[in-house]
Amino acid sequence: MDLADFRKEYSDRGLKREEMNADPVAQFSEWFAQATELGLHEPNAMTLATVDETGMPYQRTVLLKYFDGDGFVFFTNYQSRKAKQMAQNPRVSLLFPWITLERQVIIQGTVEKISTAESLKYFTSRPRESQIGAWVSNQSEVITSRKFLMQKLAEIGEKFSKGEIPLPSFWGGYRVKPQMIEFWQGGPARLHDRFLYQRNAAEWKIDRLSP
C-alpha cells in the first residue's frame with residue numbers, strides 16, 4: 001500500500017479575514033454550531049495534549065462539555081495520567097479535527113480545576129451509569145483483567161443502588177483558558193487558510209498565517 005495514493009483535493013470554501021469574528025470564542029461557537037447542524041459524529045471530541053516531567057508529550061481524545069468566554073471545560077479523574085501531568089505543567093493544547101468540514105481548531109492555554117460546585121452540577125446531569133462509572137475506574141492504573149473491572153462495577157452499583165450517587169472527591173472538571181486559538185480551513189493546491197488569534201492583555205490580535 002502506497003500512502004502517497006491517499007490524496008484528496010480540498011474544496012475552495014475559503015476563509016476571509018472580514019468573515020472572522022473579533023472574539024475567537026464566538027468564532028469557535030459559530031464553527032461548532034455548523035459542525036453540529038451538519039451531524040458530524042461527536043463534534044465535541046477533542047485531542048488533549050499534555051507533557052510529562054521529562055517533556056514527553058501525551059495525547060488522548062476527551063469530550064468538551066461546555067465552553068464560554070472563560071474557557072473550554074472537560075471532566076476526568078483527578079488521579080489519571082493527564083491530571084498528574086497537568087498538575088506539573090498546566091500548559092496544554094486542544095485540537096478539534098473536523099475533517100468532514102475540512103477544518104480544524106487548535107487551542108493553546110493553561111488549565112485549572114473548576115470549582116467543586118461546578119463539577120457537581122455537571123455530575124448530577126450525567127446518566128446514572130456514567131456516574132457509577134466515575135466511581136469504578138481508577139483511570140490510568142494497571143488492572144489484572146476486564147473481569148476485575150466488571151466486578152468492581154457490580155460492587156459500586158450495589159453500594160449506590162438507592163438514592164443519589166455522590167460526587168467522587170477524585171473526579172471533576174478542568175477549564176482550559178485560551179492564550180492562542182488557530183482556525184484552519186483546507187484549500188485547493190494545499191493553500192489552506194489559517195488565522196491565528198493571540199491574547200494581548202484583554203484583547204485578541206489576529207494574524208493570517210502562511211499554509
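In this predicted model, the axes of helix α4 (residues 128-136) and helix α5 (residues 146-159) come within 9 Å and cross at roughly 120°. On the α4 side, the contact is made by Ile-132, Trp-135 and Val-136; α5 contributes Leu-149, Lys-152, Leu-153, Ile-156 and Gly-157. Angles from 65 to 115 degrees count as roughly perpendicular and those over 145 as roughly antiparallel, and the two helices are therefore oblique to each other. As for handedness, α4 passes α5 in a right-handed crossing.

Here is the pair at a glance:

| Helix | Residue range | Residues in the contact |
|---|---|---|
| α4 | residues 128-136 | Ile-132, Trp-135, Val-136 |
| α5 | residues 146-159 | Leu-149, Lys-152, Leu-153, Ile-156, Gly-157 |

Now let's step back to the whole chain. Five helices and nine strands make up its secondary structure elements, and they follow one another in the pattern α-β-β-β-β-α-β-β-α-α-α-β-β-β. The C-alpha trace spans about 60 × 50 × 40 Å along its principal axes. The chain has 211 residues, of which 41% count as buried. Among contacts with a separation of 6 or more, 64% are between residues 24 or more positions apart.

Which side chain of opposite charge is nearest to Arg-103? That is Glu-19, 7.3 Å away. Arg-103 is buried yet has no salt bridge. Leaving aside residues up to four places away in sequence, Arg-103 touches Arg-13, Trp-31, Gln-34, Phe-96, Pro-97, Trp-98, Trp-184 and Gln-185.

Technical notes
Residues are numbered from 1 along each chain as its sequence is written. This is a predicted model: local features need pLDDT of at least 70, side-chain atom pairs count only at pLDDT 80 or more; totals for chains, interfaces and linings use all residues. Side-chain values use heavy atoms; hydrogens and water are left out. Buried means under 20% relative accessible area, exposed over 50%, partly exposed in between (1.4 Å probe, protein chains only). Lys and Arg count as positive and Asp and Glu as negative; His and the chain ends are not counted. A salt bridge is a side-chain nitrogen of Lys or Arg within 4 Å of a carboxyl oxygen of Asp or Glu. Contact means heavy atoms within 4.5 Å. Axes are lines fitted to C-alpha atoms, for helices over the stretch in contact, and angles run from 0 to 180 degrees between N-to-C directions. Helices (H or I, at least four residues) and strands (E, at least two) are DSSP runs, numbered from the N terminus. Angles under 35 degrees count as roughly parallel, over 145 as roughly antiparallel, 65 to 115 as roughly perpendicular and the rest as oblique. A crossing is left-handed if the near helix is turned anticlockwise from the far one by less than a right angle, and right-handed if clockwise.
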